[in-house]
Amino acid sequence: MRKSGPPKGLISYLVLELLDERPRYGYELLGEITEISGGHWEPSYGSVYPILYKFEEEGVAERVERADEPDRKYFALTDAGREELAEKRRAIGGEAKDFGDVVLGFYHLYAALATDGRFEVDDADADWEYSERYSAWTVEQMIRHHERDFGEFERIDASPEEFYAADETEPDSSEPEVADDAEESEGPSGAEGSSSGAADD
């Protein structure tokens with residue numbers, strides 16, 4: 001169980017990966033991270049620039065002058081920065097369960113605001129509601145994104161304890177197991193390819 005938000009060091013890691021691709025400036029990095037999140041999450045302006053200045057001070061990144069944009073502060077990764085990136089990749093790799101806990105934790109809070117009688121949220125004039133309908137829409141979007149990125153979504157008939165126990169004993173595989181009669185199975189709506197690629201970005 002996490003006691004804070006996204007995994008520690010996540011923004012630093014994303015900044016390093018993006019700088020490794022090519023030099024970027026702070027506001028551009030904010031836009032890239034927002035786009036990666038599907039437009040659903042944006043780090044604060046005050047979180048990215050301190051990271052860039054810290055990287056510069058530590059020799060992880062360096063400023064790059066551009067004649068066409070002399071007033072804009074571009075940053076590029078250094079050799080030391082690539083070493084830092086390799087370490088960050090390992091660190092973030094170990095945070096996958098914590099990241100999942102964040103997603104599940106906030107969904108549980110959303111559902112509680114919709115169903116727990118202790119809370120009396122007034123959402124009558126809001127764009128969204130704390131309700132079964134919007135909960136279903138949130139889950140639907142996650143399924144669509146899953147199918148876009150990983151293939152057909154298949155329900156997992158296991159308790160959390162059973163799932164984690166199997167995860168510890170079974171070898172890792174990048175490809176999900178497919179049943180022999182998978183070709184007879186249809187998508188959630190009964191239409192071929194019903195949800196793939198339909199994610200609401």
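Good morning, colleagues. Residues are numbered from 1 along each chain as its sequence is written. Because the model is predicted, local features need pLDDT of at least 70 and side-chain atom pairs count only at pLDDT 80 or more, while totals for chains, interfaces and linings use all residues, and side-chain values use heavy atoms, with hydrogens and water left out.

I begin with confidence. The mean pLDDT (the predictor's confidence in each residue, from 0 to 100) is 85 for the protein, and 82% of its residues reach 70 or more. Residues 178–201 have a pLDDT below 50, and beyond near neighbours in sequence this stretch has 25 contacts in the model, a contact being heavy atoms within 4.5 Å.

Next, the overall architecture. The protein has 7 helices and 3 strands; these are DSSP runs numbered from the N terminus, with helices being H or I of at least four residues and strands being E of at least two. From the N terminus, the order of elements is α-β-α-α-β-β-α-α-α-α. Of the contacts between residues at least 6 apart in sequence, 51% join residues at least 24 apart. Buried residues account for 27% of the 201 residues, where buried means under 20% relative accessible area, exposed over 50%, and partly exposed in between (1.4 Å probe, protein chains only). The accessible surface is about 14,700 Å², and 50% of that belongs to carbon and sulfur atoms; areas come from the Shrake-Rupley method with a 1.4 Å probe, and for residues only the protein chains shown count as cover.

I turn now to charged residues. Side chains of opposite charge can pair when their charged atoms come close. The structure holds 16 salt bridges, each defined as a side-chain nitrogen of Lys or Arg within 4 Å of a carboxyl oxygen of Asp or Glu.

Which residue does glutamate 28 pair with in a salt bridge? The partner is arginine 22, and the closest N and O atoms are 2.8 Å apart. Glutamate 28 lies in helix α2, residues 26–36. Is glutamate 28 buried or exposed? Glutamate 28 counts as buried because its relative accessibility is 16%, whereas arginine 22 is partly exposed at 37%. Leaving aside residues up to four places away in sequence, glutamate 28 touches Arg22, Pro23 and Tyr74. Glutamate 28 and tyrosine 74 are 46 residues apart along the chain, yet their C-alpha atoms are separated by 9.5 Å.

A second pair sits within a single helix. Aspartate 79 and arginine 82 both belong to helix α4 (residues 79–93), 3 residues apart, or about one turn of the helix. Their side chains meet in a salt bridge at 3.3 Å, N to O. Aspartate 79 is exposed, with 60% relative accessibility, and arginine 82 is partly exposed, with 41%.

Arginine 118 counts as exposed, at 68% relative accessibility. Elsewhere, salt bridges that share partners join Glu21, Arg22, Arg24, Glu28 and Glu32 into one network.

Finally, the surface patch. Phe99, Val103 and Met142 form a nonpolar patch with about 260 Å² of accessible area together. Patches are made of residues with over 30% relative accessible area and no salt bridge, with like charges joined within 9 Å and nonpolar side chains (Val, Leu, Ile, Met, Phe, Trp, Tyr) within 5 Å. Valine 103 lies in helix α5, residues 96–115, and counts as partly exposed at 38% relative accessibility.

Thank you for your attention.
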